[in-house]
Amino acid sequence: MAGIAQLNLPSGEDATRARIIARNQLARRATSDPFWMKAIVLTLSLGFLFVFFVLPLALVFQEAFRKGWEAYLKVFDDRATTHSIWLTLQVALIAVPLNTVFGLAAAWCVAHFRFRGKQLLSVLIELPLWVSPVVAGLIYVLLFGRQGLLGPWLFEKDIKIIFALPGIVLSTVFVTFPFVARVVTPQLQALGRAEEEAALTLGANGWSTFWRVTVPKIKWSLIYGIILCNARAMGEFGAVSVVSGHIRNQTNTMPLHIEVLYNEYQFVPAFAVASLLALLALLTLVIKSATTWFADRALRNAAL
Amino acid sequence: MPRTRHVLPGFRLSLGYTITYLSIIVLAPFAALAWKSSKGGVEIFTSTLTDKRVLASLELSFTTSFYAALVCGFFGVLTAWALERYSFPGRRILDAMVDLPFALPTAVAGIALCTLYAPNGWLGKILSPGGLKNLYVSWVETPNQWLVNLLEPIGFKAAYSSTGITIALIFIGFPFVVRTVQPIIQGLSLEVEEAAACLGANRWQTFWRVIFPTILPGTLAGMTLAFGRAVGEYGSVVFISGNMPFKTEIAPLLIVSRLEQYNYNGAAALGFILLVISFLILLFSNLLQAWNNKRTAR
């Protein structure tokens, strides 16, 4: 707009200038909505977001602090609560690095190479996202449980997987399986492989190319994938609930502990634990916005 | 396969690792599911699929997911349009907020929604029968009797009913529609709309005849994803649903209760059915995506 208005028009051609401005205004009017339509669309969408997103979040904190700060802090003196927090951290600390390494390996081969069955591999990687969390838990029960495929053998060897930490970790790994891969792969594909090839030509070996060229190149989407994976790992409920057996002080993660407290009508403790996970979710969204902004900038810079 | 030498190293290592890890985490458990559900023979499937309780739960899961997908489709397109085309204060924050259901644990969403819509909750109080009347009476000093009589019967049971399940599923499915439609709206070229205006279309005609057909396949794909996610959803639903057999018991919950009764074959059969259903939904969504790519390709 401004560029056109400031064209070096010879004096006396004000009419031309006016015509150009008028035409641009017309074009803008043709592609933007009238005021009443903006008002309706914004009212409906903002109202929807307020009722479905803002109110539930506000309610979590309101219920957690219903009886004040002291009651809130006292919740975390309870042994079962601290154990559930510790267990959740443990699970995330195992599951997230495992899926990060997998995500990087999958992104490297899917983005950089062409091979038979690539399409199928991509679909299989995406699959856990679309499986019901309950089914995700169920398949591990059927594999490792007492009645399961490997159950009798594991019982003989006295290895406990279901109703114990390994089962919780495995089902968490399953539900968070694609997160890093599906974020990093498109980014790596879009950025191309010219820089890696240049590094190799200059004499770098494979590993140092990976660490010094590829990882810095995709670091923002990698961080994004990791925090998304982490949020889901700490918050997974359905799959973990099926394999954990709900043993207090042993196999109750934070979401399961919230369920137990809520069903015992201990609303302040339930919402206090929930408020920690809600804070984690908000933090995740903040980091997500920042990292997608940086990742988009990296893509734009690469395109220039 | 023609043997090509790759310039980049690590093909075998990364592919080998990917496939091994995939087999351990995903394929082996699926094999266990197939093994266990085949053990019961065909009878277990026929008895599962003719069980009245199973059918009721599947019907409930499908209808609530369908209504939720419809609501998500409508509000999702509006929100994607507002986020891409309008500038207003707080737009970036709202854009980030849309992903909340991905980041917020389902159990937290479940207890929050349940408390919100329970008969004494912030919204449940207003929505339950007579709630609007109570609100009106408490706000106005001299209530109009005619209006009181009019408002008295309005309201419905939100939590602990199929409406409550739909509410939870709307929350879960919403970002799928927005995130599918948003890039399509971003990619619409303004020239097309300008051309429509030049040819004499008003804004309304431009929307229905030009914009809507372009974003329709993407919207349907997003709604299918929301539907697919909703059919299997568990955590956010179990609190608000009330879990009454035949009335508010969703299919994933029935799997859990079969497991709790040590009915492993029955659970495996129902799990297998749910898995096949989600495969079909995913396939359908991919077809819609292909249609969308054809529609938006320039």
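Begin with the two domains of chain A in this predicted model, whose centres, taken over C-alpha atoms, are separated by 54 Å. To colour them apart, select residues 2-32 for domain 1 and residues 69-303 for domain 2, which are the bounds that the domain assignment gives for chain A.

Next, show chain A and chain B together and look at where they touch, for here 73 residues of chain A are in contact with 73 residues of chain B. Which helix gives the most to the side of chain A that touches chain B? Select residues 35-64 of chain A, and you will have helix H3, which gives the most to that side, with 14 residues.

Now move to chain B and select helix H10, residues 162-187, together with helix H12, residues 203-232, whose axes come within 8 Å and cross at roughly 155°. Because angles over 145 degrees count as roughly antiparallel, H10(B) is roughly antiparallel to H12(B). The crossing of these two helices, H10(B) and H12(B), is right-handed.

To see the contact itself, display side chains on both helices: on H10(B) the residues making it include Leu169(B), Phe176(B) and Ile184(B), while on H12(B) they include Ile215(B), Met223(B) and Arg229(B). Taken by class, the residues of the contact of H10(B) with H12(B) divide into 13 nonpolar, five polar and one charged.

Note on methods
Residues are numbered from 1 along each chain as its sequence is written. Chains are lettered from A and ligands numbered from 1 in the order in which they are written. This is a predicted model: local features need pLDDT of at least 70, side-chain atom pairs count only at pLDDT 80 or more; totals for chains, interfaces and linings use all residues. Axes are lines fitted to C-alpha atoms, for helices over the stretch in contact, and angles run from 0 to 180 degrees between N-to-C directions. Helices (H or I, at least four residues) and strands (E, at least two) are DSSP runs, numbered from the N terminus. Angles under 35 degrees count as roughly parallel, over 145 as roughly antiparallel, 65 to 115 as roughly perpendicular and the rest as oblique. A crossing is left-handed if the near helix is turned anticlockwise from the far one by less than a right angle, and right-handed if clockwise. Two residues are in contact if their C-beta atoms, placed from the backbone, lie within 7 Å. Ala, Val, Leu, Ile, Met, Phe, Trp, Tyr, Cys and Pro count as nonpolar, Asp, Glu, Lys and Arg as charged, and the others, Gly among them, as polar. Domain bounds come from an automatic or database domain assignment.
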